[in-house]
Amino acid sequence: MAVLLEAFSQEYKRKIEDRMMEIVAGLDTPGSLKSAMSYSLEAGGKRLRPLLVLAVLRAFGKDPHIGLDTACAIEMIHTYSLIHDDLPSMDDDDLRRGKPTNHKVFGEATAILAGDGLLTLAFGVIANQEQARLNPKVAIELVAELSKAAGAEGMVGGQVADMEGEHRDLHLSELEYIHVHKTGKLLSYSILAGAILAGADEEKRKHLREYAYHLGLAFQIRDDILDIEGSEIKIGKPIGSDETNHKSTYPALLSLDGAKDKLSTHVHLAKEALLQTDFQQDILTEMIELVAKRDH
């Protein structure tokens, strides 16, 4: 990981994780549900989405702490989606980040409800955050945009398209639709949320949306590549599952070398989008390299 991003991640990753645990611990709900929600939140990961919120605030010269609860809310949404993706009715996975999946530990019913709990909690976290002292209009915009990014027009819609695309050969445009929605929309929201909190004008938001679009596709292409040549130990689950599940992927459609070329193209375009801006770009540029070169 690049030097600036490494320092930024070390400073804020623990703050994000501690704040999420604090929020869940304060819930008036059965202990079994708290345990299941906390289990998946504590499972680790890069925390890329919440860090993007804070990195965008830093780029605009704002205090990243004002985005902490928004960042936590996004990670809660992401974590709920992983719990549900792993269920027997979906991907039927036994491991997530090297640990038994939520339903393997707590049972399928509790896992579903833990995901539901994290999903609905996220919107309350954004609406009720105090340290940011949000203008109500800003809070409403954050909630409305998150609803689109995480729901039927975003991540959920992409998941359905992904399921419907199994066991058939997809065109590249269909595959991109899946990834833009299933993975890219929540990544894009993370960047947009930082811009909203920073008070960015529409011109800067436009360039950030373009950056986010290419970053999201680069993330998924790298995911597809890692499913072929990644390390099972580093990824924390078996590789080759895409081929086993007969999923269309960038390597399957373009060849492994073609997928790597496509990855390079999106990396270049993400960097070009940042060059159109006049704010501090260093950590956001390093985020591109992290996505393009990650090994898990």
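Helix H2, helix H4 (68-85) and strand S2 (99-100) each supply at least two residues of the lining of the largest cavity, where helices (H or I, at least four residues) and strands (E, at least two) are DSSP runs numbered from the N terminus. On a 1 Å grid over the protein atoms alone, a cavity is a set of points where a 1.4 Å probe fits but cannot get out, whereas a pocket is an open set with protein on both sides within 12 Å along at least five of seven lines, and lining residues have an atom within 4 Å of a point. The model is predicted, so that local features need pLDDT of at least 70 and side-chain atom pairs count only at pLDDT 80 or more, while totals for chains, interfaces and linings use all residues. Residues are numbered from 1 along each chain as its sequence is written, and side-chain values use heavy atoms, with hydrogens and water left out.

The secondary structure of the protein comes to 15 helices and two strands. The radius of gyration, taken over C-alpha atoms, is 18 Å, close to the 19 Å that the globule rule (2.2 Å times the number of residues to the power 0.38) gives for 296 residues, so the protein is as compact as a globular protein of that length. Along its principal axes, the C-alpha trace spans about 50 × 50 × 35 Å.

Two cavities of 30 Å³ or more are counted. The largest cavity holds about 120 Å³ of space, a volume being the space filled by probe spheres set on grid points that are joined across faces, edges and corners. Its lining is made of 13 residues, of which Ser40, Ala43, Ile83, Asp86 and Arg96 lie nearest the centre, and H4 gives the most to this lining, with three residues. By class, five of the lining residues are nonpolar, four polar and four charged; Ala, Val, Leu, Ile, Met, Phe, Trp, Tyr, Cys and Pro count as nonpolar, Asp, Glu, Lys and Arg as charged, and the others, Gly among them, as polar.

Helix H2 (residues 31-41) also packs against helix H1 (residues 3-25), at an angle of about 170° and with the axes 10 Å apart; axes are lines fitted to C-alpha atoms, for helices over the stretch in contact, and angles run from 0 to 180 degrees between N-to-C directions. H1 is therefore roughly antiparallel to H2, given that angles under 35 degrees count as roughly parallel, over 145 as roughly antiparallel, 65 to 115 as roughly perpendicular and the rest as oblique. The contact (heavy atoms within 4.5 Å) is made by Met20, Met21, Val24 and Ala25 of H1 together with Lys34, Met37, Ser38 and Leu41 of H2.

The second largest pocket has a volume of about 330 Å³. It is lined by 14 residues, with Glu145, Lys185, Ser188, Tyr189 and Arg209 nearest its centre, and helix H7 (136-150), helix H9 (172-198) and helix H10 (202-229) each supply at least two residues of the lining. H9 gives the most, with six residues. The axes of H7 and H9 come within 10 Å and cross at roughly 170°, which means that H7 is roughly antiparallel to H9. H9 and H10 each supply at least two residues of the lining of the second largest cavity as well, in which about 40 Å³ of space lies.
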